[in-house]
Amino acid sequence: MLRHYGVDLLDWHRGRLSSRRLRVLVEHLPADSSFARAVHGEQAEWTVTDHLLAAVVDHLAVANWMFATVHRDEDAEPAEYPEAVPRPSGATVEAVETLQVAGEGGAATPAEIVAFLSSPG
């Protein structure tokens, strides 16, 4: 509170700061505050931009892996699939979960491809 607003928390105890004002100040503390980090952990430091950049890095790594896999010699060892950028939630994320564009049962049949391409809009 003191770092971001210049307000001493003891002012609430002394009666110089109303409970409503204290609540508003706490609700609007920035993400880099100690309170936000204590409540949300490392997740508080990640913005939408950080999540998007991690996704871009993951997709670029998979694209490079695909390129290297397609252009390697048939006798060469296959390239190792890239690992995803660690996220603050601690959950393991596949580098790109959108690689399988086919349905749940596997690859699309030729009849399904023709039906998809011939359907309007």
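This report describes the fold, the surface and the charged pairs of one protein.

**Overall picture**

The model is predicted. The protein has six helices and zero strands. Along the sequence the pattern reads α-α-α-α-α-α. Of the 121 residues, 14% are buried. Contacts can also be sorted by distance along the sequence. Among those between residues at least 6 apart, 43% join residues at least 24 apart.

**Surface**

The protein exposes about 9700 Å². Carbon and sulfur atoms supply 59% of that area. One nonpolar surface patch covers about 370 Å² and is made by Ile113, Phe116 and Leu117. Leu117 is found in helix H6, residues 110-118. Leu117 counts as exposed because its relative accessibility is 64%, and the cut-off for exposed is over 50%.

**Salt bridges**

Side chains of opposite charge can pair when their charged atoms come close. The whole structure holds five salt bridges.

| Pair | N to O distance |
|---|---|
| Asp11 and Arg16 | 3.5 Å |
| Arg23 and Glu27 | 3.2 Å |
| Asp58 and Arg87 | 2.9 Å |

**Around Asp11**

Asp11 is found in helix H2, residues 10-14. Is Asp11 buried or exposed? Asp11 counts as buried because its relative accessibility is 18%, and buried means under 20%. Its salt-bridge partner Arg16 is exposed, with a relative accessible area of 64%. Leaving aside residues up to four places away in sequence, Asp11 touches Arg16 and Leu17. The side chain of Asp11 also makes a polar contact of 3.2 Å with the side chain of Arg14. A network of salt bridges links Asp8, Asp11, Arg14 and Arg16.

**Within helix H3**

Arg23 and Glu27 pair through their side chains. Both residues lie in helix H3, residues 19-27. They sit four residues apart, about one turn of the helix. Arg23 is partly exposed, with a relative accessible area of 46%.

Asp58 and Arg87 are both buried.

Terms used. Residues are numbered from 1 along each chain as its sequence is written. This is a predicted model: local features need pLDDT of at least 70, side-chain atom pairs count only at pLDDT 80 or more; totals for chains, interfaces and linings use all residues. Side-chain values use heavy atoms; hydrogens and water are left out. Helices (H or I, at least four residues) and strands (E, at least two) are DSSP runs, numbered from the N terminus. Buried means under 20% relative accessible area, exposed over 50%, partly exposed in between (1.4 Å probe, protein chains only). Contact means heavy atoms within 4.5 Å. Accessible areas come from the Shrake-Rupley method with a 1.4 Å probe; for residues, only the protein chains shown count as cover. A polar contact is a pair of N or O atoms within 3.5 Å; within protein, one must be able to donate a hydrogen and the other to accept it, and residues adjacent in sequence count only if both atoms are side-chain atoms. Patches are made of residues with over 30% relative accessible area and no salt bridge: like charges are joined within 9 Å, nonpolar side chains (Val, Leu, Ile, Met, Phe, Trp, Tyr) within 5 Å. A salt bridge is a side-chain nitrogen of Lys or Arg within 4 Å of a carboxyl oxygen of Asp or Glu.
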